[in-house]
Amino acid sequence: MPNFKITIEYDGSAYHGWQRQTMDRTIQGEIETALMTMAGNRVALTGSGRTDAGVHAYNQVANFQCETQLTPGVFQKGLNSLLPEDIVITSCEVVPEEFHAQYDAKSKTYHYRILNRPIPVAISRQYAWHIRKELDLDAMRSALRFIVGTHDFKAFEGSGSPRADTIRCIINADLFKTDDGYVVLKIEGDGFLRFMVRNIVGTLVDVGLGKITPDDFKQILVSKDRNLAGITAPAHGLFLMTVRY
């Protein structure tokens with residue numbers, strides 16, 4: 001049975017995350033509905049991982065198996081004609097039958113965008129967290145170095161979503177500021193706990209605002225205590241940028 005790999009760009013503002021749900025609109029649910037229209041039967045879509053409600057993606061990856069004569073080009077064109085405008089299939093290809101979008105992923109890269117200036121924006125306000133007070137980027141970079149490598153990230157795990165294994169490897173983590181006032185955190189890891197990136201960002205902002213020191217940030221990581229970490233940063237500033245295989 002042919003195995004199709006698709007790459008998806010989406011604006012998550014109107015959706016309750018990636019994963020299919022019974023009542024709420026999700027990215028997976030919208031694509032599976034469009035696939036059923038094209039294939040004539042239910043098709044299960046496997047994503048590289050879940051994104052939460054309000055989170056965006058430039059290059060989410062998924063695969064589905066379907067007994068069909070339709071070519072990848074026809075699937076791409078057809079899906080884009082059926083999907084809402086805030087979900088776009090940017091590529092579609094046939095891959096080996098054993099390819100699995102989730103289990104074969106080696107790493108994922110996320111960006112988190114913070115608008116760091118006194119004046120907010122109107123047009124793109126749903127794509128960044130607005131923080132008026134100037135952030136200390138050097139202090140934030142100093143804190144970031146503590147998460148690079150393999151660590152237990154239980155302190156940054158979402159409350160109410162415990163996992164038996166909370167050890168993850170962060171391959172790269174850095175941030176930069178653009179000329180128009182955006183601070184962008186780039187983080188690549190072999191996997192992420194629920195809300196992990198957003199909880200890291202919320203705690204980093206505490207460093208940037210001088211509420212805690214970089215060494216305090218390190219101690220929070222070591223403590224494995226979510227109660228010591230900062231707030232969960234808003235979902236609308238988070239983007240899944242790439243999935244590496």
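## Exercises on a predicted model

Val-95 has 13% relative accessibility, so it counts as buried. The model behind these exercises is predicted.

**Exercise 1.** Place Val-95 in the fold and list what it touches.

*Solution.* 
- Start with the secondary structure. Val-95 belongs to strand 4, which spans residues 87–95.
- Next, check burial. The cut-off is under 20% relative accessible area. At 13%, Val-95 is therefore buried.
- Then collect contacts, leaving out residues up to four places away in sequence. Val-95 touches Asn-3, Phe-4 and Lys-5.
- Last, take a C-alpha to C-alpha distance. Gln-65 is 30 residues from Val-95 in sequence and 10.0 Å from it in space.

**Exercise 2.** Which ring pairs link Phe-4, Phe-64 and Phe-75 into a cluster?

*Solution.* 
- Begin with the count. The pairing rule gives 10 aromatic pairs.
- One of them joins Phe-4 and Phe-64. The centres are 5.1 Å apart, with 15° between the planes. Stacked requires planes under 30 degrees apart, and this pair is stacked.
- Locate its partners. Phe-4 sits in strand 1 (residues 3–10) and Phe-64 in strand 3 (residues 56–65), 60 residues apart. Both Phe-4 and Phe-64 are buried.
- Now pair Phe-64 with Phe-75.
- Locate Phe-75. It lies in helix 2 (residues 72–82), 11 residues from Phe-64 of strand 3. Phe-75 is buried, as is Phe-64.
- The ring pairs join Phe-4, Phe-64 and Phe-75 into a cluster.

**Exercise 3.** Find the buried residues of helix 5 and say where around the axis they lie.

*Solution.* 
- Helix 5 covers residues 214–223. Its buried residues are Phe-217, Ile-220 and Leu-221.
- They span an arc of only 100° around the axis, so they are on the same side of helix 5.
- Recall the helix geometry. With 3.6 residues a turn, residues three or four places apart in an α-helix point the same way.
- Ask what covers these buried residues. The cover includes helix 3 (137–144), strand 7 (149–152) and helix 4 (196–208).
- Look just past the end of helix 5. Lys-224 has a positive phi of about 60°.

**Exercise 4.** Over which rings do Arg-113 and Arg-198 lie?

*Solution.* 
- Take Arg-113. It lies over the face of Tyr-182, 4.3 Å from the ring centre.
- Take Arg-198. It lies over the face of Phe-195, 4.9 Å from the ring centre.
- Apply the distance cut-off, which is within 6 Å of the ring centre. The values are 4.3 Å for Arg-113 and 4.9 Å for Arg-198.

Notes: Residues numbered from 1 in each chain as written. Predicted model: local features only at pLDDT ≥ 70, side-chain atom pairs only at ≥ 80, totals over all residues. Heavy atoms only, no water. Helix = DSSP H or I, 4+ residues; strand = E, 2+ residues; numbered from the N terminus. Buried < 20%, exposed > 50% of the residue type's maximum accessible area, 1.4 Å probe, protein only. Contact = heavy atoms within 4.5 Å. Arc of directions from axis to C-beta. Phe/Tyr/Trp six-rings, centres within 6.5 Å; stacked < 30°, edge-to-face > 60°. Lys NZ or Arg CZ within 6 Å of the ring centre and 35° of its normal.
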